[in-house]
Amino acid sequence: MDVYNAIFQRRDVRAEYTGEVIGSDQLRRILAAGHAAPSVGNSQPWDFVIVQEPERLAKFASHVAGRRKAFSDSLPSERRKTFNPIKIEGICESGTGVVVTYNPERGGPHILGRHTIDETGVFSAALAIQNMWLAATSEGVGMGWVSFYKEAFLADFIGCQSPVRPIAWLCLGPVTHLEQIPDLERFGWRDRRPLDDAIHQERLRSTI
């Protein structure tokens, strides 16, 4: 698939999984794309933890459901009505979770390029996630980023100890289709900003 097609067809998948489990060769290709991402000082600070046991998927899904309810309960009534129909995860339906972790100590104490902006390490792991997302899209595989969880819970769940931290749970699996319009736009949560609003010449304009 052309890279521009992959960028614009990519979706945060929730409800379109077929229920089949992704094949090992296809999964490895997607992980290889993530591992090929650029990273500050070539530190490659990511690791990928694959979760496929149905009981473990169900346990994490139960935790996420609790966090979803807590968020829903925190919303004003009108906003809650907009949010409640939105499916926020496909943990069990996808059949595969990939937890991306970030290790700030990978590469030693002197990371070229991270001396003044420490967050470039986390940014590097985010680039690996984007690579995976585009690779999955080009393979016809759905990917969804789950963020309704307590970080301490997920760290314990995968055996992750400080200073290493989990930064994403990604659902990966075959899909029936990819939606033309992203879910949060379709359900009226938030529209996409026009490109011209995001482009600034020389200095940042006052913006919301």
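Which residue forms a salt bridge with Arg29? Before selecting anything, keep in mind that this is a predicted model, in which local features need pLDDT of at least 70 and side-chain atom pairs count only at pLDDT 80 or more, while totals for chains, interfaces and linings use all residues. Residues are numbered from 1 along each chain as its sequence is written, and side-chain values use heavy atoms, with hydrogens and water left out.

Select Arg29 and then Glu139: the two form a salt bridge (a side-chain nitrogen of Lys or Arg within 4 Å of a carboxyl oxygen of Asp or Glu), and their closest N and O atoms are 2.7 Å apart. This pair links distant parts of the chain, since Arg29 sits in helix α2 (residues 24-35) and Glu139 in the loop between α6 (120-138) and β3 (141-146), 110 residues apart. Helices (H or I, at least four residues) and strands (E, at least two) are DSSP runs, numbered from the N terminus. Arg29 is partly exposed at 44% relative accessible area, and Glu139 is partly exposed at 27%; here buried means under 20%, exposed over 50%, and partly exposed in between (1.4 Å probe, protein chains only).

Next, select Lys81 and Glu78, whose side chains meet in a salt bridge at 3.3 Å, N to O. Both lie in helix α4 (residues 77-83), three residues apart, which is about one turn of the helix. Lys81 is exposed at 56%, and Glu78 is exposed at 53%.

Finally, select Glu93 and Lys87, which form a salt bridge with their closest N and O atoms 2.9 Å apart. Glu93 is partly exposed at 32%, as is Lys87 at 28%. By the salt-bridge rule, the count comes to nine.
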